[in-house]
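Please read this briefing alongside the sequence and the model.

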Amino acid sequence: MIPYKDDNPISITPFSTILIISLNMLVFVMQVMSGEDSKSIIYNYGAIPHNIISFQSSQPIPPVLTIFTSMFMHGGLFHLVWNMLFFWIFGNNIEERLGHVRFIVFYIFCGFVAAFSHALISPGSNVPMIGASGAVAGMLGAYILLFPMARIRTIVFLGFYVTVIKIPALIVIGFWAIIQVVSGLVSQGNAAQGGIAFFAHVGGFVAGLSTIKLWQPRRSSKW
């Protein structure tokens with residue numbers, strides 16, 4: 001299943017969502033243009049679990065700051081597009097509920113929780129983690145709690161037959177969450193060797209799901 005749009009209209013211009021997507025795209029272009037230095041950039045500014053846990057690092061910035069920088073870096077075009085697609089579908093409704101500034105802080109908070117979740121699972125790993133997946137997972141967690149029955153337009157592949165159906169967010173996101181947990185448990189022994197940081201997704205998702213109510217302003221405000 002590939003979700004591509006939700007039937008959950010907003011009444012604001014999602015400035016913060018657009019800003020975050022633009023920053024991710026800009027950083028990716030900078031990574032690509034760096035050429036052979038791309039790998040060194042990832043090791044310098046990616047979130048390395050061992051460094052985060054030990055607070056010891058040879059990176060040019062403190063480990064805690066690498067969590068922030070890693071949230072805007074991606075390993076390839078597909079990685080970037082997939083994350084930004086999910087972020088656009090589910091993020092703008094959360095921005096409308098929280099307001100522009102509070103939404104940015106919430107997004108970063110989910111990203112930090114996601115990074116620490118991965119670091120706690122693989123404390124000895126020296127493989128840098130990059131990508132917005134953990135923060136985006138937080139948006140999914142918030143969305144499934146606030147809008148569980150919102151209809152998500154989803155491309156479904158049934159063998160050679162392809163169709164588009166509207167599926168409740170509870171099912172689309174719930175299915176995604178189950179996959180992350182199962183995949184994380186299956187690949188737990190290989191987490192330190194790299195690959196997808198499934199428990200970062202789980203950590204970000206739980207952070208968004210469990211705290212979104214606390215982040216909502218008492219009075220409605222677009223800021």
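The points below are grouped by topic, after a note on the model.

This is a predicted model, in which local features need pLDDT of at least 70 and side-chain atom pairs count only at pLDDT 80 or more, while totals for chains, interfaces and linings use all residues. Residues are numbered from 1 along each chain as its sequence is written, and side-chain values use heavy atoms, with hydrogens and water left out.

**The sheet**

- An open sheet is formed by 3 strands in the order S1-S2-S3, with antiparallel pairing; strands (E, at least two residues) and helices (H or I, at least four) are DSSP runs numbered from the N terminus, and two strands pair if DSSP finds at least two bridges between them.
- The edges are strand S1 (2–6) and strand S3 (161–168), each of which pairs on one side only.
- On average, neighbouring strands of this sheet are turned by 25 degrees against each other, direction ignored.
- Helix H8 (residues 169–186) packs on the sheet and touches S1, S2 and S3 (contact means heavy atoms within 4.5 Å), and the direction of H8 makes about 110 degrees with that of S3; axes are lines fitted to C-alpha atoms, for helices over the stretch in contact, and angles run from 0 to 180 degrees between N-to-C directions.

**The S2–S3 pairing**

- Strand S2 (residues 151–158) runs antiparallel to S3 and is joined to S3 by 8 bridges; Ile 152 stands opposite Ile 167, and Val 156 has Thr 163 as its bridge partner.
- The two strands S2 and S3 form a hairpin with 2 residues between them, and Gly 159 in the turn has a positive phi of about 70 degrees.

**Salt bridges**

- The whole structure holds 2 salt bridges, where the term requires a side-chain nitrogen of Lys or Arg within 4 Å of a carboxyl oxygen of Asp or Glu.
- The side chain of Asp 7 meets that of Arg 153 (2.8 Å, N to O), and this pair links the loop between S1 and H1 with strand S2, 146 residues apart.
- The side chain of Asp 7 also meets that of Lys 166 (3.1 Å, N to O); Lys 166 lies in strand S3, so this pair ties together parts that are 159 residues apart in sequence.
- Asp 7 is partly exposed at 29% relative accessibility, a class that lies between buried (under 20% relative accessible area) and exposed (over 50%), with a 1.4 Å probe and protein chains only.

**A nonpolar patch**

- Leu 19, Leu 23, Leu 26 and Met 30 make a nonpolar surface patch of about 370 Å², and Leu 19 is found in helix H1 (residues 15–33).
- Patch residues have over 30% relative accessible area and no salt bridge, with nonpolar side chains (Val, Leu, Ile, Met, Phe, Trp, Tyr) joined within 5 Å and like charges within 9 Å; accessible areas come from the Shrake-Rupley method with a 1.4 Å probe, and for residues only the protein chains shown count as cover.
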